[in-house]
Amino acid sequence: MHEIVSIRPLLAVIASLAVTPILLSARSPNVREGWTFAAGAVKLGIVLSMLPAVLGGNVFCFALTEVIPGIRLAFRVDAMGMLFALVASTLWIVTSAYSIGYMRGLDEHSQTRYFCFFAIALSATIGAAFAANLVTLYMFYEILSFATYPLVTHHQDEEAKISGRKYLFFIVGGSVVLVLPAMIICHMKAGTLDFAPQGFLAGHVTQGLATALLLLFVFGLAKAALMPMHSWLPAAMVAPTPVSALLHAVAVVKVGAFSVARVLTGVFGVDLLAQYGLGTLLAVLASITILVASFIALSQDGLKRRLAFSTIGQLSYILLGVALLTPKGITGGLVHIAMHAFGKITLFFCAGAIFVAAGIKNISEMKGLGRRMPITMGAFFIGSLSVIGLPPGGGFISKWFLALGALESHELAFLCVLLFSSFLNAAYFLPIAYNAFFANPPDDAKDAGIQEAPPWCVAPLAFTAMASVWLFFNPWPFLDLARLAAAQVTGG
Amino acid sequence: MNQYPAFLIIAPLLAACLIASAAWLRRSLCFPIAVLGLGTSFLSSLGVAARVLTDGHFQYRMGGWAPPLGIALEVDYLNAPVLVAVSGAALVSLIATRQIIEREQGPKAPVFYTLMLLAVTGMLGMTATGDAFNLYVLLEISSITGYALTASGDRLAPLASLRYLLLGTIGASFYLLGVGLLYMMTGTLNMADLSHLLPALYGSDAIFAAFLLILCGIWLKAALFPLHAWLPGAYSHASHASACLLAPLMTKVMIYVMLRVMFTVFTPAYVFEQISLEGFVVTLASVAVVAGSLMALAQRNLRRMAVYIVVAEVGYMVGGAWLGNQTAWTGAILHLLNDVLMTLCLFLAIAALAGRMETTDFKNLKGLFSTMPFSMGALVLGAMSIIGVPPACGFFSKWFLLKGAIEAGRFDFLAALLFSSLINVVLFFRLFECALYSGDDHHGPGEHGHIEIHEAPLSLVASLWAAAAGILAVGFYSGSIVNNFIKPALM
């Protein structure tokens, strides 16, 4: 494994941050969105340029200033970070296209503010993916929390205000009260905060302290929405749908899950977790979240709220996979970051498209909608398959590896959790698609002809749906990256 | 031997005298002279800091007279960065508040400039002096000018200033009594001599009494809860020009004086081993942090909220100084420097906003993100630093304070700091919520009509952004500051 010193990680992070002044001063919306796409393309280009070397087992490093004696703000691009950065920077471009259709379709206010904070949020996301130590990770995690606040409260009504407060309470409260002390204790005990492939806490902590630290981290990183720190996510659905799609299905929540994965492997280390039985503890917590969230999702009629509870459950799949502490389990958990991202963003795009075209927010009103919006509902069906984990959806790949991981660790109980939860996923997703295509529409909506959302909305969701299917047949490079990351953290 | 330490203090003093006479000739000369005075002072402070980096501690004898007869300035790793922060912040706030001063004071503006420069002279002198009695004299110079500066403001300012004068005088008298006792016991007022002579007398009750008197005096001037009663009124009724100069500097300089007394005049061995006050003081500091935060939470006015944040921040630094370990001391010193920047940024932002509205009540803040985006942007940065979000500098000093609290096993102080961070989130996001919501109640779809940007004067906004940029720069380089100044200072 070679360490390549390169400024590229920093450039990838600031590519979107650098355009915010241009976005703010742009004279026309088209120029503004043009710059957004340009930044997205540059960002993706820089990330892709590092892909071959990372796949070859190398890492890119770049250190900035020393902020605390012995701790620098630093970037380190390894397979795990690359996987997440690739997902986020690809989907940002798609979401930007979708945002144009959605925001203009609904004639939303304050679009400049919206695009600016989106760009800042993406910078923070890539920063978290490439962070080389806990302080850098914490910094981008916090920046992301605050950059997302104006997006969550975009509508500026009473509901948005209350959701924004809830959002800050859980996310910032968790990171300040739980993660910050945990981080300081780690620094005191181990004298370093740099992520090491097999963790740096081994030999520095007792079982009791390790357990306490683990709980502080997994609950404090509330973006991972491990119950009971989840209730900000359904509340945050008040945001415009593209925000829910990219941030609350991909970027923000997965920064949470990714951070937990990074802390588990890079701070604790797989061996330490196994030695103290902490993997099982986390797996149990994740399993409870998976099942409870799935049951709650069954009872939700608001489409976005149902998707939100589904996301809460799916995030815990990632945690469960890593908590299994076996190469296959970790591979499954990490590749689920990518697979779930493509599937769930499709579903959110569909939810937004349905709202733009038909003004419908609730599942009970969606009967027969497939006749009016065949592309959207077709994509919704494919997205559902992927999130449930049925072929030919990409989600099948991750669930397959998760199941193998459960077998590998001889934890049949977790295998049962996975299977039962998939069944529940099917129970809350498939009726939506079934009713859309086979149930009779309400009388006033019959013979309405095809009424799809604007092309800027439909094209992105068709693209992500196709990508979900494509990833089933060809999961490269995500699967390779996940395998490589799993091998690196398990020392295999 | 370079003359930077002399310029540092003489330049603002000289400028103050020049302004008083220049005002007879041409009023327009006064502001440039003031800028020249503080600018020279700031550049000299950089020179002093550079010299400390290469040579370490050094003594400057005024006029070449050796102490104890002559006046000596002692510059070391501890006060060099404080000098830079104080002179830099004073310069920025002078440039920022020019319009406010000219508008409010009219023909009396030169007097105001004179008072400002004298106050800064006093504060810089207190920071640089190596003599306990000179420190008292300089303390009185900056205090008396401070009373005069705070007396100009709204209707209640004279009353608040009178209260400040009464309490401040009591504080200074306590300090003087303590120094008198020390002189009685040792026969010297020079800090270096005191530190040599005192250890032999550490068992004496008189010395203990002197230490307590000095501490109480300093705490009163530093507004440590519950001795803070003068501060909220003095800083919230005074002119914005006075508040922007005094709020960032006065309490911080007093905290520096406390550190100097604890570390140089007395020794950590005396403070933490001979007498055991630290348990009580840290508890007091925790209470100060919580009480300051809660009182800030109770305010419905931005400016009133800010003054109570200052009270809470004093608790941060006093607690850090008294936790009694290297990490916490590092945190206290770093927080002192950071807090100068943060408070400066906060009060400049308030001054900028206040110029466009009658009062800074929350209800008047509606829609400010649209009408004053630059001022609000800087305020957001300042708020992030006060909350403690990296890479803003406030995070890093909080890091050391929290770590020091864990090392000392003082979980009450740890809890107080975390609680205060959360309250700060509430404080500022309550404010941002108001500012995000525009005056009209229409938030639905549809681009809002073009909103006219109505910013504060350029010099104010530029200075505000200089402070905000300072917050980020100090944050990014806080490791270097700790390595190059604070670590050697604590050796």
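**Helical segment, helix pair and chain interface**

Across residues 131-424 of chain A, 76% of the chain is helix and 0% is strand, and the end C-alpha atoms lie 36 Å apart. Helices (H or I, at least four residues) and strands (E, at least two) are DSSP runs, numbered from the N terminus. The model is predicted: local features need pLDDT of at least 70, side-chain atom pairs count only at pLDDT 80 or more, and totals for chains, interfaces and linings use all residues. Residues are numbered from 1 along each chain as its sequence is written, while chains are lettered from A and ligands numbered from 1 in the order in which they are written. An unreviewed UniProt entry places the feature "domain: NADH:quinone oxidoreductase/Mrp antiporter transmembrane" at residues 131-424 of chain A. Such annotations may be inferred rather than shown by experiment; positions follow the numbering used here, and feature names are shortened.

Helix α16 (residues 374-388) of chain A packs against helix α19 (residues 455-473) of chain A at an angle of about 35 degrees. Their axes are 9 Å apart. Axes are lines fitted to C-alpha atoms, for helices over the stretch in contact, and angles run from 0 to 180 degrees between N-to-C directions. From α16(A), the contact includes I375(A), A379(A) and I382(A); from α19(A), it includes L461(A), A465(A) and V469(A). Contact requires C-beta atoms, placed from the backbone, within 7 Å.

Between the chains, 30 residues of chain A are in contact with 30 residues of chain B. On the chain A side, β2 (59-68), α6 (134-152) and α7 (158-190) each give two or more residues. The largest share, 11 residues, comes from α7(A).

Notes
Contact = placed C-beta atoms within 7 Å.
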